[in-house]
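User: I would like to go through this model with you. Could we start with a single residue and work outwards?
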Amino acid sequence: KIMSKVSKLFDSRSKEYNQIYSESSPKRLLHQEKRVRAALVEELVFNYLSTNKEEVVVDVGCGMGNVLLNLKEKGVRAKMYGVDISPDMISLANKKLDLAGYKDINFSAGSLNDIKVSANAVLSLGVIGYQKRQEEFLVGLSNLVDNEGYLIFTTANGDSFLRKARRYLSKLHSLVKGKIKSKGVEFFSIKNKQVESVLTKHGFKLEKRVYITFGLGLFASSIECSIDKFFLKQFSNSFIGKYLSLTVIYVYKKVDSYKH
């Protein structure tokens, strides 16, 4: 039921996503986040994957497929699979794929449970927060990663004061306006120590952690977007980022072959 709600939410958002990724000067912080997040993750994947051997990349919650398509454009030769629970997003991804003409990307509508391949790099951006059981979802993602492979994902920062403030103000705003945001779909945060505990238990080691998105993002504000860019330069890899950023990008490497 939760997943069908999320699917409907993203079907309705699919129409604006093209525009979000092509905005040259975003006024909304969370629009800016999508572009910053995608660019940083593309750079990370490019740095971690070798371009000279056959590899596999899976993107869980691929949306309209822009991350995988951009990786192809940058010369990553891996075979790629993208899944998303929104049929409308996948339809957009396939349209883009037809235009690009790549033969080794496959986009399909579905969820984590529908993925039947293992991969050298598993990506999941902006997806975990929609799962009621985030730790279980992380385990599911980790099971797709080959030994010595990478798991690259984003979470809503559960350690952040700003994230707590945003949540509180957002609830207050809904109460005052009498309007429920995001069609009533909840977005959950998770603390760093929970992520760490799940993944170390499954044979993963932290390679990198990047803090992104500094601000509340409740209203359109180009000033907030400019402040965010400044903070990103200063605090994306610092201890302060842990308490002031809305979002975390994690890179974990599978170091021990974990047996169920």
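User: Is K253 buried or exposed?
Analyst: This is a predicted model. In it, K253 counts as buried, because its relative accessibility is 17% and the cut-off for buried is under 20%.

User: Which side chain does K253 meet in a salt bridge?
Analyst: The partner is E148, and the N to O distance is 3.3 Å.

User: For T213, what is the phi value?
Analyst: T213 also is a residue other than glycine with a positive phi, near 70 degrees. T213 sits in the loop between strand 7 and helix 8 (222-235). With a relative accessibility of 3%, T213 counts as buried.

User: Back to salt bridges. How many are there in the whole structure?
Analyst: A search of the whole structure finds seven. One of them joins E33 to R37, with the closest N and O atoms 3.7 Å apart. Another is formed by E136 and R133, where the closest N and O atoms are 3.9 Å apart.

User: Are E136 and R133 buried or exposed?
Analyst: Both E136 and R133 are exposed. By contrast, E33 and R37 are both buried.

User: Where do E33 and R37 lie?
Analyst: Both lie in helix 2, four residues apart, which is about one turn of the helix. In general, an α-helix has 3.6 residues a turn, so residues three or four places apart point the same way.

User: Which other residues of helix 2 are buried?
Analyst: Besides E33 and R37, the buried residues of helix 2 include L29, H31, Q32, K34, V36 and A38. Further along the helix, V41, E42, L44 and V45 are buried as well.

User: What span should helix 2 have, and what does the model give?
Analyst: Helix 2 has 20 residues (29-48), so at 1.5 Å a residue it should span 28 Å. Its end C-alpha atoms are 28 Å apart, which agrees with that expectation.

User: Let us turn to pockets. What is the volume of the second largest pocket?
Analyst: Its volume is about 170 Å³.

User: Which residues line the second largest pocket?
Analyst: The lining consists of L40, E43, L44, N47, K208, V210, L232, S236 and N237. Two elements give two or more residues to this lining, namely helix 2 and strand 7 (204-212). Helix 2 provides the largest share, four residues.

User: Where is S236, then?
Analyst: S236 is in the loop between helix 8 and helix 9 (239-244). S236 counts as buried, because its relative accessibility is 11%.

User: How far apart are S236 and R209?
Analyst: They are separated by 27 residues in sequence, and their C-alpha atoms are 8.5 Å apart in space.

User: How about S86 and S111, how far apart are those two?
Analyst: The C-alpha to C-alpha distance is 9.4 Å, and S86 and S111 are 25 residues apart in sequence. S86 is in the loop between strand 2 (79-84) and helix 4 (87-100). With a relative accessible area of 0%, S86 is buried.

User: One last topic, the surface. Which residues form a nonpolar patch there?
Analyst: Y168, L169 and L172 form such a patch, and together they have about 290 Å² of accessible area.

User: Where is L169 found?
Analyst: L169 is in helix 6, which covers residues 161-177. L169 counts as partly exposed, because its relative accessibility is 32%.

How values were computed
Residues numbered from 1 in each chain as written. Predicted model: local features only at pLDDT ≥ 70, side-chain atom pairs only at ≥ 80, totals over all residues. Heavy atoms only, no water. Patch = residues over 30% accessible without salt bridge, like charges linked within 9 Å, V, L, I, M, F, W, Y side chains within 5 Å. Areas by Shrake-Rupley, 256 points an atom, 1.4 Å probe, with all protein chains shown as cover. Salt bridge = Lys/Arg side-chain N within 4 Å of Asp/Glu carboxyl O. Buried < 20%, exposed > 50% of the residue type's maximum accessible area, 1.4 Å probe, protein only. Expected span 1.5 Å × (residues − 1). 1 Å grid on protein atoms, 1.4 Å probe; cavity = no way out; pocket = protein on both sides within 12 Å on 5 of 7 lines; lining within 4 Å. Points joined across faces, edges and corners; volume = space filled by probe spheres on them.
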